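Reader: I have just opened this model and would like to understand the words used to describe it. Could you take me through them?

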Amino acid sequence: MKRITTAKRKPDFDPHAFLSTIGRGRNMVSFQKKRTIFAQGDSRDGLFFIQTGKVQLSVVSEGGREATLGILGEGDFFGEGGLAGQPLRMSSATALTDCVLLHIERKAMVHAMSLEPKLSAMFVKYLLRRNIRYQDDLVDQLFNSSEKRLARVLLLMAQFGKEGVPQISVPRLSQETLAEMVGTTRSRVSFFMNRFRELGFINYRVGNNLHVHSSLLNVLLRDDGRAATPNAESQTASTKRASEPPREPGEIPDKDRARTPPLPALPLRRK
């Protein structure tokens with residue numbers, strides 16, 4: 001009788017396993033809170049995938065002015081510019097908390113994506129989501145008031161609107177960092193953070209964490225351009241004294257920004 005042999009089936013590729021284990025061209029690295037992962041202008045040496053922790057991306061102009069591009073968390077990539085041929089890092093990455101990262105060399109990532117369509121599809125999907133996020137950030141900066149921009153930043157940090165359970169407790173950032181992310185002054189951030197606290201939207205007196213409540217969504221959902229104000233029972237003397245902090249010279253008044261056509265500020269999942 002003729003013997004029938006069957007070829008061994010190649011096991012299904014799991015991109016999450018690839019991004020969670022060490023191997024050729026992949027190694028785990030740890031960074032303590034506030035440590036620099038790489039600096040703007042460094043030569044690129046692969047990309048990173050966040051296992052645990054939070055990472056801040058920032059850029060500095062020639063004049064020394066700093067801007068925060070975003071706060072990344074578990075499941076995010078960063079430093080991927082080298083895959084597109086960037087010879088130098090275009091931003092800096094700093095550990096906001098203790099972090100565990102998977103460092104993937106450029107050659108290892110390119111080779112794996114060429115062989116494994118699932119990894120390639122996952123990575124492209126992530127880059128598209130990142131691109132949409134940057135577009136939303138630009139729309140937010142152009143059309144929304146500084147109060148709404150701050151609320152959106154806090155909600156994005158807490159992952160409201162993202163699949164899974166929101167992270168109600170997030171690392172507490174300095175008001176200077178929040179001002180860089182929102183595109184306003186520290187005094188305005190301080191004003192709105194105090195107002196959010198008085199309204200019960202946030203609680204930032206719990207250790208090094210900031211607690212964000214789902215009620216903060218009310219600030220984004222309001223489309224009449226008015227600032228959030230407490231009700232008659234909860235209104236305090238401080239909120240009675242001023243409804244909005246003084247703006248910087250040349251800054252567009254928030255009431256004028258709010259007259260533009262409303263655009264979505266944060267994607268919400270509906271059950």
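Author: Gladly, and let's start with the aromatic rings. This is a predicted model, and rings count as a pair if their centres lie within 6.5 Å. By this rule the count comes to nine aromatic pairs.

Reader: What makes F13 and F18 an aromatic pair that is tilted?

Author: The centres of F13 and F18 are 5.9 Å apart, with 50° between the planes. A pair needs centres within 6.5 Å, and planes under 30 degrees apart count as stacked, over 60 as edge-to-face and the rest as tilted, so this pair is tilted. Both F13 and F18 are buried, too.

Reader: Why is the pair of F48 and F78 called stacked?

Author: For F48 and F78 the values are 5.1 Å centre to centre and 10° between the planes.

Reader: Which residues form one aromatic cluster?

Author: That cluster is made of F49, F77, F123 and Y126. Two of its members, F123 and Y126, are among the buried residues of helix 3.

Reader: How do you know that the charged end of R26 sits over the ring of F18?

Author: The charged end of R26 is 4.2 Å from the centre of the F18 ring. The distance part of the rule asks for CZ of Arg within 6 Å of the ring centre, so R26 meets that part. The charged end of R89 likewise sits over the ring of F38, 4.2 Å from its centre.

Reader: What makes strand 1 and strand 8 a pair?

Author: Strands pair if there are at least two bridges between them, and strand 1 (residues 26-31) and strand 8 have six, so they qualify, in the antiparallel sense. Within strand 8, V100 stands opposite S30. Strand 3 (residues 47-52) also pairs with strand 8 in the antiparallel sense, over five bridges, and there F48 has H103 as its bridge partner.

Reader: How does the reach of helix 3 compare with the expected value?

Author: Helix 3 (residues 117-143) has 27 residues and reaches 39 Å from its first C-alpha to its last, close to the 39 Å expected at 1.5 Å a residue.

Notes
Residues numbered from 1 in each chain as written. Predicted model: local features only at pLDDT ≥ 70, side-chain atom pairs only at ≥ 80, totals over all residues. Heavy atoms only, no water. Helix = DSSP H or I, 4+ residues; strand = E, 2+ residues; numbered from the N terminus. Expected span 1.5 Å × (residues − 1). Buried < 20%, exposed > 50% of the residue type's maximum accessible area, 1.4 Å probe, protein only. Phe/Tyr/Trp six-rings, centres within 6.5 Å; stacked < 30°, edge-to-face > 60°. Lys NZ or Arg CZ within 6 Å of the ring centre and 35° of its normal.
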